[in-house]
Amino acid sequence: MVDFKSIEKKWQNKWEKEKAFHVKEGKKNKTFVLEMFPYPSSSGLHMGHAFNYTIGDIYARYKRMNGYNVLYPMGYDALGLPAENAAIKAQSHPRKFTEEAIKNFIKQQKGLGLSYDWSRMIKTCDPEYYKWNQYFFLKFFENGLVYRKKAPVNFCSKCNTVLANEQVHSGKCWRHKDTDVEVKHLEQWFIKTTKYADELLKDIDNLQWPERIKIMQRNWIGKSHGIEINFKINNKEWPIFTTRPDTIFGVTFMVVSAQHPRLMELVTKEQKKEVEEFLKKIKSTSEKNLEELEKEGAFTGSYAINPLTNEKIPVYAGNFVVADYGSGMVMAVPAHDQRDFEFAKKYNIPIKVVINPDSYRLNAEKMNRAYVEEGVLVNSKEFNGVRSNNAIDMISDHIEKKKLGKRVVQYKLRDWLISRQRYWGTPIPMIYCDKCGIVPEKKLPVLLPEKVKFGVGNPLETSKEFLETKCPRCKGKARRETDTMDTFFDSSWYFLRFCDPKNNKEPFNKDKIRYWMPVDQYIGGAEHACMHLIYARFFTKALRDLGFVKLNEPFTKLFNQGMLHGNDGLVMSKSRGNVVLPEEVSKKYGIDTARLFLVSLASPDKDIIWSDNGIEGSLRFINKIFEYFDKVNVKKSNKRSESKLNKTIKEVTNDVENLRYNLAVIKIRELFDNLQNEESKEVLEKFLKLFSPFCPHIAEELWSKLGNKKLISLEKWPNADESKIDEKLEEQDRLIKKLNDDINNVVKIITNKGKEVKKVFVYVLPKEIEIYDIKLIKLDLEVKLFSVSDKNKYDPENKASKSKPGKPAIYLE
């Protein structure tokens, strides 16, 4: 029996001792491989995580063997609410709690045989890291990319903190799915991501990313061409954005966002109570969540004047309009917008038809849904009879000519709210002075205080030592900002720090960034499409404009891994109790067996299900390899093996390069099945090199048994010699494999019926008798081969008559 544990330990120690995977800048071509760095939870890794890291490790090992200078680092996204909440629950300090979790993660990741350069490890909770968060925040502030304003924010009472729009799901907190999110108005810090909206959108086309991620980002940024029309409300102008000026004559009410900072200016005394009652129902500032809610509102008591008709139009507060999109108010055309139609019906608001279909006329009183297709304008003064798609430009021209509005471009993308009222995050380096106002901190890092009280509100407010400080300008009494940064700030530039992680004079050396960046292969979940991936792209562009980097995009290629499901068919997670731990797998099967199994099941971007029977199959294959290398006679090479080897090298190289690991494994297994009892050392070594990225510990062990002193992990990947590929031999192997598969399938059917099979008789056409070499038919049965023309053949049921070209007949006893 193979002692996998001692083999794993032996080679992990050797890799570490020889610093096998440490890299420096050099003349060689570089490859930067990176998985999205993990949050170090106390529960540690399960095999779902192992699947993700194995995908990156195989690629890094393959590239390293192909002569690339491979940067493959690991770090920990260590700040954030989960650690703070878990520490409070465990009556521990977040720092201690996180450090212990990271130690466990490192131990588990090393146990997986991952070829990281551990000398480059980063932890975002280290002051040496978050000092540079603060540095970048101040640089953004100096350059007008950071500002503070009062804004409606999503607030989770259980987290006791503000949530970003992306963290609100169906009106609930993303972490506490049973908790309704409240809307509060607080002074918050924002980053001006909208400044880069157009570039972020335009550059999506150049990304080598999955198309669905690109579509998600385009939709999230959401560029719209339209016109701002000036409506007067209480003698004040409100510019109202619309993409449908062709419907301006059909506006019968306006809707202002329930979260609009100027909402109460519009509310009359008579309507105040009704509006306030309505506001209590609002659960999110997120546009996505607002779209999912039932459309509700309350009349404000104010009226707007339509600049093209001079009609008085009632203004409602509504829960489906976003405060910071356009002016935070929309014109409603219920006859031609389904959302407006439903709202009008609910609150008994008039409906006015301004677009008729070509073939019939609409009756507003009899409509049971909005008409949203193209048509011809009616009830639209001088524009009657114009087709609606032509009227958009004609009416826009008219509005601009009359100076009643102007054409504009709008984006759905919002500025990034980064304020968090929690402890375990990067302190925002700003100071409040009664004399000087808001003043940037000069001495970095602003350290998190160790002694704080957890439980209610923001823990930083409980530390007098942290809170009370001196103003950097006037030296008078001042107080620190107690908000910390959204942890997406930490992960928006960590990949840059990996290029120069020990630099204490600057965030990174520009020459090192020029050498290593961009990340060539980034690996992570699709759930980060509209958060981390947009923030990281923004950060890179902002740092470029500030002179820190010279690149436009951080990640050249993106790969979204599939999810590993437990035996119950559900995604593997500790909360479901269906996790399989790497330590248990390593002990029973060996971690290389698990690595091979995980990437054999399907393409790595597809979901897969853990199966004990499946990994048992992989174990049998691994044991067969060990048995073979114990018995094989190392002799001269043979033509058949060399042909199969070179064809396999060619195909596996292409598959691994494109992360089609499951196909690569099939071909490596086929190559192994074709190895003879006598093989050349060269064939055996090249087989092990192909096998090495998938099962690195086993490959090292067998490589050393062949007498090699150096590590196979640092050997050169084999090149395919296409002149040695014999297509006739390849075709013969294909036909024999097909025959073997056919026999095994028939044997399986018979044995499932309770019958025993001991012998197999094969009948082939006379011209094919040389193709079906009996020595190549590898079965655990007695095999007899006959030509169909052999008069002395054993054929009690005349099966030979069914033989066809490329498909021998079979008889079993």
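Reply: For charge, Lys and Arg count as positive and Asp and Glu as negative, while His and the chain ends are not counted. This is a predicted model, and its protein chain has 138 positive and 111 negative side chains. The centres of these two sets lie 3 Å apart.

Me: How many helices and strands does the protein chain have, and what box do its C-alpha atoms fill?

Reply: The protein chain contains 24 helices and 34 strands, and its C-alpha atoms, taken along the principal axes, fill a box of roughly 105 × 75 × 50 Å. The accessible surface comes to about 37500 Å², with 48% of that belonging to carbon and sulfur atoms. Of the 813 residues in the protein chain, buried residues make up 56%. Among the contacts with a separation of 6 or more, 74% are accounted for by residues 24 or more positions apart.

Me: How should I read a pair of helices, and at what angle do the axes of helix H2 and helix H18 cross?

Reply: An angle of 65 to 115 degrees counts as roughly perpendicular. The axes of helix H2 (residues 47–65) and helix H18 (residues 591–600) come within 10 Å and cross at roughly 90 degrees, and the two helices are therefore roughly perpendicular to each other. On the H2 side the residues that meet H18 are Met47, Ala50, Phe51, Thr54, Asp57, Ile58 and Arg61, and on the H18 side their partners are Ala594, Arg595, Leu598 and Val599.

Me: Is Ser692 buried or exposed, and which residues is Ser692 in contact with?

Reply: The cut-off for buried is under 20% relative accessible area. Ser692 counts as buried because its relative accessibility is 1%, and its place is in the loop between helix H22 (681–691) and helix H23 (696–705). Leaving aside neighbours within four places in sequence, Ser692 is in contact with Arg61, Met65, Ala699 and Ile712.

Me: Where is Asn662 found, and which residues does Asn662 touch?

Reply: Asn662 is found in helix H21 (residues 661–674), and with a relative accessible area of 14% it is buried. Not counting residues up to four places away in sequence, Asn662 touches Val599, Ser600, Ala602, Ser603 and Pro604.

Me: Which residues of helix H3 are buried, and what covers them?

Reply: In helix H3 (residues 81–89) the buried residues are Leu81, Pro82, Ala83, Glu84 and Ala87. Their cover includes helix H4 (94–111) and strand S6 (161–163). H3 is followed by Gln91, which has a positive phi near 55 degrees.

Me: Is Gly385 buried or exposed, and where does Gly385 lie?

Reply: The cut-off for exposed is over 50% relative accessible area. Gly385 counts as exposed because its relative accessibility is 53%, and it lies in the loop between strand S17 (376–377) and helix H12 (388–401). Leaving aside neighbours within four places in sequence, Gly385 is in contact with Val376 and Leu377. The C-alpha atoms of Gly385 and Asn552, which are 167 residues apart along the chain, are separated by 49 Å.

Me: What is the phi of Lys381, and what is the phi of Asn310?

Reply: Lys381, although it is not a glycine, has a positive phi of about 50 degrees, and it is found in the loop between S17 and H12. Asn310, likewise not a glycine, has a positive phi of about 60 degrees. The place of Asn310 is in the loop between strand S13 (297–305) and strand S14 (312–318), where it counts as exposed at 60% relative accessibility.

Terms used
Residues are numbered from 1 along each chain as its sequence is written. This is a predicted model: local features need pLDDT of at least 70, side-chain atom pairs count only at pLDDT 80 or more; totals for chains, interfaces and linings use all residues. Side-chain values use heavy atoms; hydrogens and water are left out. Helices (H or I, at least four residues) and strands (E, at least two) are DSSP runs, numbered from the N terminus. Buried means under 20% relative accessible area, exposed over 50%, partly exposed in between (1.4 Å probe, protein chains only). Contact means heavy atoms within 4.5 Å. Accessible areas come from the Shrake-Rupley method with a 1.4 Å probe; for residues, only the protein chains shown count as cover. The place of a charge is taken as NZ of Lys, CZ of Arg, CG of Asp or CD of Glu. Axes are lines fitted to C-alpha atoms, for helices over the stretch in contact, and angles run from 0 to 180 degrees between N-to-C directions. Angles under 35 degrees count as roughly parallel, over 145 as roughly antiparallel, 65 to 115 as roughly perpendicular and the rest as oblique.
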